[in-house]
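Okay, thanks everyone, let's get going.

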Amino acid sequence: MSALETFVDAADETLLAVEGVTLSFGGVQAIKDVSFDIKKGEIRAIIGPNGAGKTSMLNVINGFYHPQKGKITFKGNTRTDMRPHVAATQGISRTFQNVALFRGMSTLDNIMTGRTLKMTTNLFWHLFRFGPAEQEELEHREFVERIIDFLEIQHIRKTPVGRLPYGLQKRVELGRALAAQPDLLLLDEPMAGMNLEEKEDMSRFVIDVNDQFGTTIALIEHDMGVVMDLSNRVVVLDHGEKIADGTPDEVKSNQDVIDAYLGVAH
Amino acid sequence: MGEILHGIFINPFIEIAGAPDLFVQVLWEGFVSGTLYALIALGFVLIFKASGVFNFAQGIMVVFGALSLVGLFAAGVPAWLALILCIGIMFGLAWGVERVVLRNLVNQEPIILFMATIGLNYFLIGFGEFIFGGEPKTMITSEIGLPTGSFDFEVLGGLVSLQQIDVSAAVIAGLLVAGLAVFFNKTRIGRALRAVADDHQAAMSVGITLQQIWVIVWFAAGIVALTTGIMWGARSDVSFALSIVALKALPVLILGGFTSVPGAIVGGLIIGISEKLAEFYWGPLVGGSIESWFPYFLALIFLWFRPQGLFGERIIERV
């Protein structure tokens, strides 16, 4: 009983809280006073029609955009804005809506860049690729190989990612984000443009990451079937405002959500 | 008319066949200037790849590096210490450029950054003249341990003479390029540099700081510039005219592509060798000194056929 309680407590711990965030570009309000939270260990979906402000929200969380109002609390630290590399340092990694890989580099090197913050040797050693730098390189290489195994992309380890099909690129991008061993993983439409089989693979990886590593995941996705299957809780945005928040079932039957998606005569 | 055609298509080859040792000598001269063009172009490529900035000041960085070395030595600093201090100066320059120029211009149009480097160019000219004076100086070649004699070889029935300074220039350039290649391909910081070159946003999302990378890449370009300055200074004088010669890197870049390190090297060698051959064998036709414009002419022809350069990435627009 007590063991179960601890488990429930852990599941209830808030990892990230967004409070009253407002973001505008010039005169356009992309996000209007949105608040929601992400609990440790859950898969949280952010959905909404095109232009609802979903990607802007991810960009705010990971520090690309700086909101005019509101605050964000991550692992107990509150801030209004931060730089992307600070977000990365604190344990937030992400993927991008339009795959943003380092196209000239191999799969292996791309995923190795995800280890950037875990590697500490300085420029001096690197100039000679000697001693600690060499040692460190090998250690991290081993970790990256495990990710490659996990994502089943051994066969493309040395291939420049620019040549890979889209579905595999998305997988490499996930690998790069995982390499940082994030506390919070932000996935921006991880299944966009994929065929059914690729979607099933990707869904499996998302679930496995969440299960096996306990990584908290926030994802944006358009495929409602995927969202309802994967996520524990869903927040719905429309025109920059939050219109619903709850379990997939609650959200599915919410009249505002149905209106937003289907359009309604006012 | 017949005479001109003869002069273009027949005479030079008769000369080459008649004096193969001279031909080898000309090739070698071309190879050495090609190596130095390649180094200058390499400095451009490094910065262009990592920050998308066409650094107009690369040429003056070459001069500035060489001037600092000579100037420090003239002020009584021992040669070896002056060399180390120069490396420090190049680092200071990189840091200053990031701090004062680049940081304030993040996310600006490339043309704005380009203009900023033109400003930097003139600042360095003025600052250099202010500190070191404008008159040409002699490189302290033997003081920093570079050889000055020559190797003479018996080749194809004639004597070919290789200046030892030229041989060391080629060797040092080769080592520098090999070192940079290992650094770029095999280390975390090198990987971060390539990552930034490919995609700024993605690089930031994995925790790479652009500022740090820019300092490192300008520093690397500074080291390349310093090396070029020493080598070139040893062959002629150390003067501000060098920065005009450095503009020869433009045709090199057009040939090799702005984003390719191998392209800079191959392009540099092609330009160096072809300009010397053209000067020596075809120059007399038009009264000589075609060396100064031939590379640009070659680059123009090249633009017709491969605008992206030999190794440059072809730009494919998705429509």
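So, let me start on a strand pair in chain A: Ile47(A) sits opposite Val236(A), which belongs to S9(A). Before I go on, keep in mind that this is a predicted model.

Zooming out from that pair, the two strands involved are S3, residues 43-47 of chain A, and S9, residues 233-238 of chain A, and they pair in the parallel sense over four bridges. S9(A) also pairs with S10, residues 241-246 of chain A, but here the strands run antiparallel, with five bridges. One of the partners to look at there is Glu241(A) in S10(A), bridged to Asp238(A).

Okay, domains. The assignment for chain A gives domain 1 as 1-91 + 182-266, and domain 2 as 100-181. Where they touch, 11 residues come from domain 1 of chain A and 10 residues from domain 2 of chain A. On the domain 1 side, helix H3 (84-90) and helix H8 (196-213) of chain A each put in at least two residues, and H8(A) has the largest share of that side, with four residues. By class, that domain 1 side has eight nonpolar, two polar and one charged residues.

Now over to chain B. How many residues of chain B are in contact with chain A? It's 21 residues of chain B, against 29 residues of chain A. On the chain B side, the elements giving two or more residues are helices H6 (164-186), H7 (188-198) and H8 (200-205) of chain B. H7(B) gives the largest share of that side, seven residues.

Last stop, the core. The largest nonpolar core has 159 residues, and among those with the most contacts inside it are Ala38(B), Ala41(B), Leu69(B) and Val217(B). Helix H9 of chain B, residues 210-235, brings the largest share, 18 residues. And why does this core lie between the two domains of chain A? Because domain 1 (1-91 + 182-266) and domain 2 (100-181) of chain A both give residues to the core.

Conventions
Residues numbered from 1 in each chain as written. Chains lettered and ligands numbered in written order. Predicted model: local features only at pLDDT ≥ 70, side-chain atom pairs only at ≥ 80, totals over all residues. Core = buried A, V, L, I, M, F, W, Y, C linked by C-beta atoms within 7 Å. Buried ≥ 20, exposed ≤ 12 C-beta atoms within 10 Å, placed from the backbone. Domains from an automatic or database assignment. Contact = placed C-beta atoms within 7 Å. Pairing = 2+ DSSP bridges. Nonpolar A, V, L, I, M, F, W, Y, C, P; charged D, E, K, R; others polar.
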